[in-house]
Each structure stands twice: as structure tokens, then as C-alpha cells.
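Here is a walk through a two-chain model, one piece at a time. Keep the structure open while you read.

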Amino acid sequence: MRKILATFINESRLFAKDLAGMALLFLMPLALTVLMALIQDAPFREYQDIRFEILWVDEDGGKMARQLGAELDSIPQFVLIRKLNDQLLTADKAQELVHKGNYKLAVIVPKGVSAEVANSANQVANELGAKLGAPGKLPQRESRQVALEIYFDPVIKQAMKLSLLNALEKQVTRIQAEIILARLENRLDEQAADSSGPGLRLQEKLQAVQIREISSGQHATAELTTNSVQHNVPAWALFGLFFIIIPIAGNFIREREDGSLMRIKMIPGSYFTILLGKLGFYIVLGMLQFFVMLAAGALLMPLLGLDSLQIGNAFGSLFLTVLVVAATATAYGVLIGSVFQTPNQALPFGAISIVILSAIGGIWVPVEILPAGLQQLAKLSPLHWALDAINELFLRSGSILTVWKQLVILLIFALLFFLIAGITESRRRR
Amino acid sequence: MLQIQQLEKTYKNAAEPSLQGLSLQFSDKSIAGLLGPNGAGKTTTISILCGLVKADAGKAFLLGMDVEKEREAIKRRIGVVPQSIALYPTLTAMENLQYIGRLYGLGSTLLKERINQYLQLFGLEKSAHKAIRYYSGGMKRRANIIASLLHEPELLILDEPTAGVDVQSRNMILQFLTEYNKLGHGIIYTSHLLEEAQQLCDEIAIIDHGRLVVQGKPVELMQEQQAQSLEQVFLQLTGSSLRD
């Protein structure tokens, strides 16, 4: 125990002597985390609360066109612009503005749309009414082809375009269905005018099933979903934590090169106890770095106009999870420091391997959107399991009972790294 | 103090063996020099004695103990001064020595006493709180030796302890080794400086190509080879062709 403590103190002293290195170990991941959260804030919001502007040209002026505009207005994602400089937009003006790239989308509701919807509703109501034996007939004529026109800037994201198309299609279908049902209800009510019972209330009856939004977390509310801060802070904090392999590998190689390792190995007792002291220091350092990043996520991000990081309530589980992750990162550093002979070999490999492991592990983009093959490959990255465990705790209100599998896998990684490092060191003796 | 029997070692991917049946012995509590040109096998021999490299064949005994089987017991009784400055350059001499002393299990009072004693002896007491990287070559060498002395080993093994130091530091180190030996401690050291070995050593072994060339007391060897100096003996026995 004395050796472990002495080594821990010695490593702390070595670290404290390099103030610039110490600052960089905290500042660089912090800068990266903040920057990534800011950069990815817009793409994350695009699917959530970003509002995009749509030029809305109503050449029809009828009830259905007004209703469609009002329905889209009620969707928080869309902002309909009907006037510019106090002048009603025309189709040509809207088309020109989209062409110039001033606006991304324009919707033109051509003249006759409301009349055409009413006509088709009358046709359907008449047909159904006749089959049901209802008397009389609503006015109808031959159908004409009318279409809503959508102009879009080619740079617009497919998801944005699809979002508008889906909303338009849904609202048009709904309005049409409502008109048809209203007409049909009127006709059938007229047929049963002599009866004293209540009306058919078809629309009410067709709204039997509603949709309620509930998050999958045990205690979570629907409001806690992933956002730029919630994804980027833990993800890049883990990335930064794994970068601790650089000082570890450098330290091991330097000690081997300058003969310190030889001196340490000549000291009575197992080298393992000295190694434990070194590992203990780096694990504590890695954990400290990670918690500083979390603190920045919770306190600094709101000052930058971003969401605050939610870390859940399972603090004990979080501590244990970060401990296991830091131990895995440290073990990887020992492996790199053992396998490679020189800093010139170890440091580029170590850094680039972390970038690769983070890319396939879901740090850059969520694993769910990667191709199937890469999703399988992600399982080979310790960063994937680390992020999965953290997300489980933060987003799904998990605890040690729900992240134990990820922690066991991380510990297997750590043991494997130590084993390979041990075999390499013992081969070096031969 | 040291017995080596038919030691053999070939490193992986090496063109030639480093040791080819090396056998030699040094008597107890002597100052013994292990000499040889570059690539003769000196560092490999020291590494095997310290347990850092495993011999392919043969046996080696330090203080009567098998270096393979009784490594832990040997570690307690020997001190090794590596050729390189095996200290943390950003830490002060005091911090380096405190750490090494604690690893040897020395108590705070004894450790403090020993550190002060050796810093004074080696003329480093005024620079005790200065980072090693700001030390001169000679100061680094002296600090490097102190780090191996804190547990006061029975046997001190030094690999080129005076390489690259000024005359004053070298003289001081050699004086210390003589005094330390007088206190009953054995010393094995390797060096390229044959004049230094001639002056310091009770006995020497010259090795080349992983084999023993000759062994004995410096004076006797010079008489045997009819040479004026140990350097002359060395050149006669190992040749004057350049070594890489």
C-alpha cells in the first residue's frame, strides 16, 4: 500500500510540474466539447424545435386553402410568411425568392383548390348517400386537376422537405375527410330528420384513438430527449477521457527509454504494486476530467445559449460507470505504451486509434444512423459501450442494474488490454 | 560475489549472439571491472544479472544466489546504477530520492537522514531542490548514484558511472566507490575508461564477442601481457579494429 501511495504521489508531482500539460488536458477536451455542442446544436434542433420559414401564396382564397394555412400555422416547426414589406406574396415573387436562395421553401395554393375539394366531397357524399338511400343530391360537376405547388431551394435538406410534404399531405387528407364526413352526415341527418335522436357525430366517433408521447425512461418525462448538449457533452468528454492514453503511453515509453523502468524493476517487490499506483493516478485524473466536462455541460452550456446537461439522479451508478470507463482508457494507454517501442510510433497510433474507435463507437454520430455493418463493428469499440452506459444513465434514467452489462464488457476490454501489455512486457525480457 | 557459468544469449532477430558461453567470477567484496569493446556483451550481462533479460542458457549467481530463482532476495541486497540518468528530469533531486527511498520501504526519518547524508557526500545538498533537468552532466551522474545507494546495498553494480562527466566529478565518484568498498560493500562496474579501471579495480574481466578473453588482477595481467598499461592489454587482446 505504501508503494501504491508513493507512486500515486510521485505521478501527481510529475503532473503538477507540467502546468501547461495539465491545463491542456482539461482545456482541450473542454474546448472540443463546447465547440461540438455549438456546431451540432442546429442539426439537432432541425428535427426538434427549429422553425423554418415557408413562403405561403394563397391564390385560391377559399375556405379549404385558409384552413390548410391555419393548420400549418399551428405546427410549431413552420412559420408561414404571407406578406413581405406589407405586400401579399405572389407566386412569381415567391418563386424568385426561393430561386435566389433567400428562402428555402414556397407553397402556392392555386385558384380553384377549395372549389375542387368541395366538388370531390360532394361527389363522394352523393355516391355514398345514394347507396344508403338518402334523398336529394348535393351540387357536383366533372373533376378538374389542381395541385399545390412547392418550390424548394436545392440545398435544402431532404428531411426538411419531407417534413413539409408529410404535413401538407396529412392536412389536405384530413381536411378532405372532414368535409366528406360533414357532407355525408348532413345527408344522412336529413334522411332521419323525423327521428328525435341526436345527430350521427361521425367525426367525433372517428377520433377514438389518440397519440400520447411518453419517454422510455423509468422516471423520465417526455421533455427529456437527446439534444446537442445531451449527445455531445458525454460523447466528447469520453473522447477526451480516452485521450489520456497519450500521457500514459508517453510516460511508459519514456521510463523504459531513460532507464527509470529498469531502476523501478530492480526495487524489491512486485512491479504490479507500482503499476497500480500509476494506474490509480491516471484513473482519478480521467474521472476528474470527465466530471469537469459534465460540470461544464450543466453550468457553462446554458450561458452559451445551449440546453443544460441533464445527468439524472443515479450519482453512485454514474461514479462507478466513470470509474470503469477511466480504468479501461488507462488500460488502453498501458497497452499502447507497452506494445510500441518509441513515442513516434505510439503517439500517432494512439491518437488516431481513439479517433477511429470514437467514430465507429457513436461519438461523432449516433450508432443508430450508421450502416448495419458499422453498427456491428461499433461493438468492438470500448467508447461505444461507455457512451451506451452514460446514455442509459442520463436519458433512460438507468442505474447500475441496467448498465452492468456495459460495465462488464468494458472490464473485459480492460483485462484484455492489460493481458496483452503483460505478455508484451514479458516477451521483451526474453 | 559473482559467478557466471556458460551464459548464452541471442536476441530475437539478432545476426549474432550477444553472449556465447560466457563464464567468469569475481571475489567477494572486491571492486571488479567488467570491460570490453562496444558490443562485447557487457550490458547484456548486467541486464541478465539484474533480471531484466533472461539468458538462453547458463547460470549466474550474485552473492551466492541464483539470479533467476532468487531475484527478489537479490534485489534487496544489490543496487544498480544504470548507464542512463534514470531519474525524473522535471522533479528535484529531493523528490526523486524521496520516491525511490519510499519504494525501498525506508521510513521517513531514516530516509531523510540517508538523503541528506548522501546529498552532502556527493556535494549536491545545495541543489537538492533544483529539478534534475537543470543539473550539469556530473551532477546528474552523482544523483543517479545516490538513488541506488539509499538502501545501502551489499553490492553495487554500475554501468559506465563516469561516462561524460568532468574530471572533478569523476574523481569524486571514484573516491566514493573506493570508500564504499572499504566499508565492506562489493562493486561491479563497466567502463570504457581503462586508466580508471586500472586505478580503481581489484580485479577485472575483459570480454569480447560474448566470451571471456581474460580475467585477473590488473597488475598481473599487465605482467602476463608484458604491457605498460591496461589499455595496452586491452588492445592486444581485443584488437585495434573499430567496433560499431
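Start with residues 274–302 of chain A. This span is 100% helix and 0% strand, and its end C-alpha atoms are 43 Å apart. The model is predicted, so read every distance here as computed from predicted coordinates. The span is one of those that UniProt, in an unreviewed entry, lists as "transmembrane region" for chain A; the others are residues 20–39, 233–253, 314–335, 347–367 and 403–424. That label comes from the record, and such annotations may be inferred rather than shown by experiment.

Compare another of the listed spans. Residues 347–367 of chain A are 67% helix and 0% strand. Their end C-alpha atoms lie 27 Å apart.

Now look at one residue, Ile274(A). It belongs to helix α12 of chain A, which covers residues 271–303. Is Ile274(A) buried or exposed? It has 20 C-beta neighbours inside 10 Å, so it counts as buried. The cut-off for burial is 20 or more. Which residues does Ile274(A) contact, once its neighbours within four places in sequence are left aside? They are Lys3(A), Thr7(A), Ile264(A) and Leu103(B).

Move to helix α9 of chain A, residues 228–242. Its 15 residues reach 21 Å from first C-alpha to last, close to the 21 Å expected at 1.5 Å a residue. How many of the residues of α9(A) are buried? The count is 15 of the 15, so the helix is largely enclosed by the rest of the structure.

Take the contacts in chain A with a separation of 6 or more: residues 24 or more positions apart account for 78% of them.

Chain B comes next. Its secondary structure comes to nine helices and ten strands. The radius of gyration is 18 Å, close to the 18 Å that the globule rule gives for 244 residues, so chain B is as compact as a globular protein of that length. Along its principal axes, the C-alpha trace spans about 50 × 40 × 35 Å. Buried residues make up 44% of the 244 in chain B. Among contacts with a separation of 6 or more, 68% join residues 24 or more positions apart.

An unreviewed UniProt entry places "domain: ABC transporter" over residues 2–234 of chain B. In the model, this span is 37% helix and 24% strand. Its end C-alpha atoms lie 22 Å apart.

Turn to the strands of chain B. Four of them form an open sheet in the order β2-β1-β4-β5, with antiparallel pairing. Which strands are at the edges? They are β2 (19–26) and β5 (65–66), each pairing on one side only. Inside the sheet, β1 (residues 2–9) and β4 (residues 57–62) of chain B run antiparallel and are joined by five bridges. Leu2(B) stands opposite Leu62(B) in β4(B).

Strand β6 (residues 78–81) pairs with strand β7 (residues 155–159) over four bridges, in the parallel sense. Gly79(B) stands opposite Leu156(B) in β7(B). Both faces of β6(B) are covered. Ile78(B) and Val80(B) on one side, and Gly79(B) and Val81(B) on the other, are all buried.

Glu152(B) lies in the loop between α5 (137–147) and β7. Its phi is near 50°, a positive value in a residue other than glycine. With 15 other C-beta atoms within 10 Å, Glu152(B) is partly exposed. His209(B) lies in the loop between β9 (203–208) and β10 (211–216). Phi of His209(B) is near 50° too, again positive in a residue other than glycine. His209(B) is partly exposed, with 17 other C-beta atoms within 10 Å.

Finish where the chains meet. Here 22 residues of chain B are in contact with 20 residues of chain A. On the chain B side, the elements giving two or more residues are α2 (71–77) and α3 (93–103). The most come from α3(B), with four. By type, the residues on this side divide into 13 nonpolar, three polar and six charged.

Key
Residues numbered from 1 in each chain as written. Chains lettered and ligands numbered in written order. Predicted model: local features only at pLDDT ≥ 70, side-chain atom pairs only at ≥ 80, totals over all residues. Expected span 1.5 Å × (residues − 1). Buried ≥ 20, exposed ≤ 12 C-beta atoms within 10 Å, placed from the backbone. Rg over C-alpha atoms; globule rule 2.2 N^0.38 Å. Contact = placed C-beta atoms within 7 Å. Nonpolar A, V, L, I, M, F, W, Y, C, P; charged D, E, K, R; others polar. Pairing = 2+ DSSP bridges.
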